[in-house]
Amino acid sequence: MVVVGLLIMLAGFLLSLLSLTVASTVGARMALVLAGIAITLFGLIGVLNRAYLKNALWKR
Amino acid sequence: MTRRLLPALLLAVSMWAQTPAPAPTTPPASPPAAAPVPLTDVDVKSIDAPKPELRAKGDPDGSLTGTVADVSVSDAKKGLTLADAINQIGQNKIAVNFVWTLITGYLVMFMQAGFAFLETGLCRSKNANHTMMMNLIVYAIGVFAYWLIGFSLQMGGVGGIANLGGTAPLAREFTINVFGKPFGLFGQNGLFLMSSGTYDVGVMVIFLFQMVFMDTALTIVTGVGAERWKFTAFVVSSFLMGCITYPIFANWAWGNGWLANLGANFGLGKGYCDWAGSGVIHAVGGITALALGIMLGPRIGKYTRDGKALAIPGHDIVIVLTGCFILAFGWFGFNPGSSLGASGSGNLRIGSIAVNTMLASSSGALAAMLYVWLRFGKPDASMSGNGLLAGLVAITGPSGFVNPVGAIIIGAIAGVLVCLSVSFVETVMKVDDPVGAISVHGTCGLWGVLAVGLFADGKSNYGGSWNSVNGSVTGLFYGDAGQLVAQLIGISALLGLVFVVSFGLNFLIDAVVGNRVCAKSELEGLDLPEIGVLGYPEFELKSPSPY
């Protein structure tokens with residue numbers, strides 16, 4: 001799941017980057033970049049960090 | 001008789017006083033302005049230097065010092081020429097900028113002492129030597145890594161820096177084509193400060209200034225690893241960050257890379273703008289710290305079995321707050337120094353930048369103090385200190401582009417944000433951050449990047465353009481939504497790329513040498529097992545908890 005989390009984070013960045021070519025208006029670009037950041041944060045907090053918490057030291 | 005005479009006299013005087021003044025005569029037509037006469041060598045030679053006998057008497061009022069006698073002459077036989085005088089003016093401008101950039105760089109270097117105090121004070125006394133050692137050695141590692149390759153990757157393709165006399169040798173950027181536009185990825189000149197003509201006075205100045213900036217980012221990470229990071233792993237991790245992670249992102253933002261050119265290539269404001277590094281330094285440091293913190297796991301005793309966070313107080317709040325003061329002082333090098341000069345190209349704005357820095361630190365500290373006071377009933381010292389730093393981190397990026405009201409607002413929001421973020425990181429993410437570095441530098445660094453896209457007021461003017469786009473940096477509140485998009489793409493790169501690369505590098509280190517010390521060493525304290533000497537050998541160390 002750690003690798004999945006990292007891949008989701010990268011995908012979020014790629015979406016932000018794609019906004020430069022698939023959208024031409026500032027509003028559409030902003031929406032895509034914000035969606036990319038949201039995906040990245042999900043990968044970080046919802047997937048990667050959660051994977052580490054499953055085997056956290058304090059649970060043992 | 002006298003009674004009659006006095007009114008008559010008064011009447012005469014008043015009539016004289018009311019006599020209309022003579023109409024103003026039209027001034028004679030001024031003679032036509034003489035055409036300017038160009039200065040020649042003869043004019044320059046006719047300027048008298050103070051006589052030696054006068055000079056021998058001393059110069060208490062300073063009127064005899066710094067005259068034509070002090071202008072360097074290129075050919076003693078010819079004497080002073082106009083070319084000599086003009087060259088001296090140019091060199092004086094660059095000299096002022098060199099001195100400014102170097103002195104502000106020295107201030108930033110002294111921030112290492114602030115970080116050392118802050119982090120060590122927030123740790124337990126049994127880890128004092130280990131934490132101080134990390135803060136000392138990270139400086140040495142940083143200098144070496146940056147000289148070796150980091151500087152070249154970051155600044156090797158920046159092009160001429162006019163404030164420092166051109167720095168012409170830094171002119172080779174590696175670029176690829178993305179969406180039909182050139183994307184600068186890293187610089188190529190400047191390896192060992194010797195290659196491709198980079199043994200150059202201007203290059204040396206920019207190296208020193210950028211090196212101390214880079215080292216600040218490296219130091220941020222040591223705070224999160226405190227009390228459990230293996231010293232060997234710390235050395236390797238810091239070296240890699242100084243060689244790769246930091247310089248690459250710094251190139252994208254400051255070294256003529258793709259983020260800086262979002263304006264020129266895609267019409268997004270003036271491209272990604274980050275005056276002194278809310279993103280480049282603080283967010284890179286904070287995000288790397290987050291990657292390490294997740295991987296290291298919390299200190300023994302930080303969480304109960306049901307996941308409740310326990311406070312592990314530091315051992316010396318006095319040096320914590322002393323560290324905050326040192327950092328705040330050093331920040332006057334950080335932000336105003338980022339103009340890379342005091343003369344020419346709109347650099348007199350350094351006054352505004354210094355005031356913005358001061359205002360944001362104040363509003364950050366006050367906002368954090370009030371927030372904690374209202375929520376928990378006491379004005380917590382360490383959170384107030386973190387609020388001060390949060391305000392400073394947040395204004396680092398916008399300081400060159402915003403006005404004083406914007407600075408106060410940015411700092412105040414950072415002061416509250418840091419409190420919320422500390423709570424989120426500790427209780428929701430359950431990442432143990434002994435000094436609050438993730439929140440202060442990571443969260444508030446990202447806020448600073450965003451704030452440029454909101455609060456930049458379009459009044460700054462550094463030579464008429466920024467990132468090769470004419471005009472001044474202007475945020476959403478002053479009419480340019482494109483600038484906000486450029487800033488958001490920078491944030492996306494920080495979270496999506498810098499985090500992933502940092503995580504990958506530290507993951508490799510973990511696999512090879514291991515990131516975390518053994519439980520026995522951690523319980524004993526890292527001073528003896530890792531460094532071999534106690535920080536406080538003559539004290540009897542007592543822990544308030546069994547951990």
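This report describes salt bridges and cysteines in a predicted model.

**Salt bridges**

Over all chains, the count comes to six salt bridges.

| Pair | Closest N and O atoms |
|---|---|
| B:Arg124 and B:Glu227 | 3.0 Å |
| B:Arg299 and B:Asp432 | 2.7 Å |
| B:Glu426 and B:Lys302 | 2.9 Å |

In the salt bridge between B:Arg124 and B:Glu227, the closest N and O atoms are 3.0 Å apart. The pair links distant parts of the chain, 103 residues apart. B:Arg124 is in the loop between helix H4 (82–122) and helix H5 (128–155) of chain B, while B:Glu227 is in the loop between helix H6 (201–225) and helix H7 (231–254) of chain B. Both B:Arg124 and B:Glu227 are buried.

For B:Arg299 and B:Asp432, the salt bridge has its closest N and O atoms 2.7 Å apart. B:Arg299 and B:Asp432 are both buried.

The salt bridge of B:Glu426 with B:Lys302 has a distance of 2.9 Å between the closest N and O atoms. Because B:Glu426 is placed in helix H13 of chain B and B:Lys302 in the loop between H9 and H10 of chain B, the pair ties together parts that are 124 residues apart in sequence. B:Lys302, by contrast, has a relative accessible area of 4% and is buried.

Salt bridges that share partners join B:Arg124, B:Glu227, B:Arg299 and B:Asp432 into one network.

**Cysteines**

How many disulfides are there over all chains? The count comes to zero. Why is B:Cys444 in no disulfide? The nearest cysteine sulfur, that of B:Cys419, is 9.0 Å away, whereas a disulfide requires a pair of cysteine sulfur atoms within 2.5 Å. B:Cys444 counts as buried because its relative accessibility is 0%. B:Cys273 has a relative accessibility of 0%, so this cysteine counts as buried.

Technical notes: Residues are numbered from 1 along each chain as its sequence is written. Chains are lettered from A and ligands numbered from 1 in the order in which they are written. This is a predicted model: local features need pLDDT of at least 70, side-chain atom pairs count only at pLDDT 80 or more; totals for chains, interfaces and linings use all residues. Side-chain values use heavy atoms; hydrogens and water are left out. A salt bridge is a side-chain nitrogen of Lys or Arg within 4 Å of a carboxyl oxygen of Asp or Glu. Helices (H or I, at least four residues) and strands (E, at least two) are DSSP runs, numbered from the N terminus. Buried means under 20% relative accessible area, exposed over 50%, partly exposed in between (1.4 Å probe, protein chains only).
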